[in-house]
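Subject: Structure handover

Dear colleague,

Please find the structure below, with notes on what was found in it. The notes go through the strands and then the ligand.

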Amino acid sequence: MTQDEMKRLAAIAALDYLEGGIVGVGTGSTVNHFIDQLAAVKDRIEGAVSSSEASTARMQQHGIRVLDLNDAGELSIYVDGADESNHRLELIKGGGGALTREKIVAAASRKFVCIADGSKLVEVLGKFPLPVEVIPMARSYVARELTKLGGDPVWREGFVTDNGNLILDVQGLEITDPRGLEQTINNLAGVVTVGIFALRPADVLILGTPGGAKTITAA
Ligand code: 5RP
């Protein structure tokens, strides 16, 4: 079974968590499968809040109503992918560069359902380079501070986020204290968001595997 087929399995399983109302929708190839599935049941929901221009475009192509978060109130469910998850469902996200809006929509949702293929489950976060969204003028300063924290930041050149900012991908971190590091990096001047989702982890992780979709719930 291919990685993409495993992503699709996880996306299909996430439909079981829909409660009607307004759904928060993340970004990425796994979420694209979810959006395609959501199209078939769009009459069961009021609409969706999107975490990126890319997901907005895909949903609108399917005729799914997309609302501004400011008009939606608290969301019952947020469905998004991840680059890594540990067993506490603390995540690294932002491989697609949508981490800031993803973190906002996750924060505004009662339940965060994370969908991924089985390769994303790890013992310790950090093998995947940690994305950090920065205000453009702060890029070099933040990179020096991230180096002091033991990382090796690499500017994702040519990429601009939906918010007009830049991404540093930090290699070489072994993230044994995800909550602490999330706070430390978020407190650097010029950082918009770090791609650690530990202060607000996922509630449910659905992993697509060759043996079917496997669900892990936060302890
Ligand atoms: C985008 C993300 C994605 O959820 C993450 O990169 C996983 O992507 P994919 O589903 O394509 O593996 O955080 O900013």
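Which residues point one way from strand 13, and which the other way? Val204, Ile206 and Gly208 point one way, Leu205, Leu207 and Thr209 point the other, and all are buried. Buried means under 20% relative accessible area, with over 50% called exposed and the range in between partly exposed (1.4 Å probe, protein chains only). In a regular strand the side chains alternate between the two faces of the sheet.

Before going on, note that this is a predicted model, in which local features need pLDDT of at least 70 and side-chain atom pairs count only at pLDDT 80 or more, while totals for chains, interfaces and linings use all residues. Residues are numbered from 1 along each chain as its sequence is written, and side-chain values use heavy atoms, with hydrogens and water left out.

Strand 13 covers residues 204-209, and six of its six residues are buried, so the strand is largely enclosed by the rest of the structure. Strands here are DSSP runs (E, at least two residues), numbered from the N terminus. Two strands pair if DSSP finds at least two bridges between them. Strand 7 (residues 109-117) pairs with strand 13 in the parallel sense over five bridges, and Cys114 has Leu205 as its bridge partner in strand 13. Strand 14 (residues 212-217) runs antiparallel to strand 13, and six bridges join them. Leu205 has its bridge partner there too, namely Ile216. A hairpin of two residues connects strand 13 to strand 14.

Other strands

In strand 2 (residues 47-50), Gly47 and Val49 point one way, Ala48 and Ser50 point the other way, and all are buried. Strand 1 (residues 22-25) runs parallel to strand 2, with four bridges between them; Val23 stands opposite Ala48.

Asp80 lies in strand 4 (residues 75-80) and is buried, with a relative accessible area of 0%. The side chain of Asp80 reaches the backbone nitrogen of Thr27 at 3.1 Å. This is a polar contact, a pair of N or O atoms within 3.5 Å; within protein, one must be able to donate a hydrogen and the other to accept it, and residues adjacent in sequence count only if both atoms are side-chain atoms.

There is also an open sheet of three strands, with the order 5-6-12 and antiparallel pairing. Strand 5 (84-85) and strand 12 (196-197) stand at the edges with a single partner strand each, so one side of each is left without a neighbour in the sheet. Two bridges join strand 5 to strand 6 (residues 91-92), and Glu84 has Ile92 as its bridge partner in strand 6.

The ligand

There are 17 residues around the ligand, and Ser29, Thr30, Asp83, Gly94 and Lys120 come nearest. An oxygen atom of the ligand is 2.8 Å from an N or O atom in the side chain of Lys120. For the side chain of Lys7, the distance from an N or O atom to a ligand oxygen is 3.0 Å. At Gly96 a polar backbone atom is 3.3 Å from an oxygen atom of the ligand. On its own the ligand has 370 Å² of accessible area (Shrake-Rupley method, 1.4 Å probe), and the protein covers 91% of that area.

Regards

Notes. Near = heavy atom within 4 Å.
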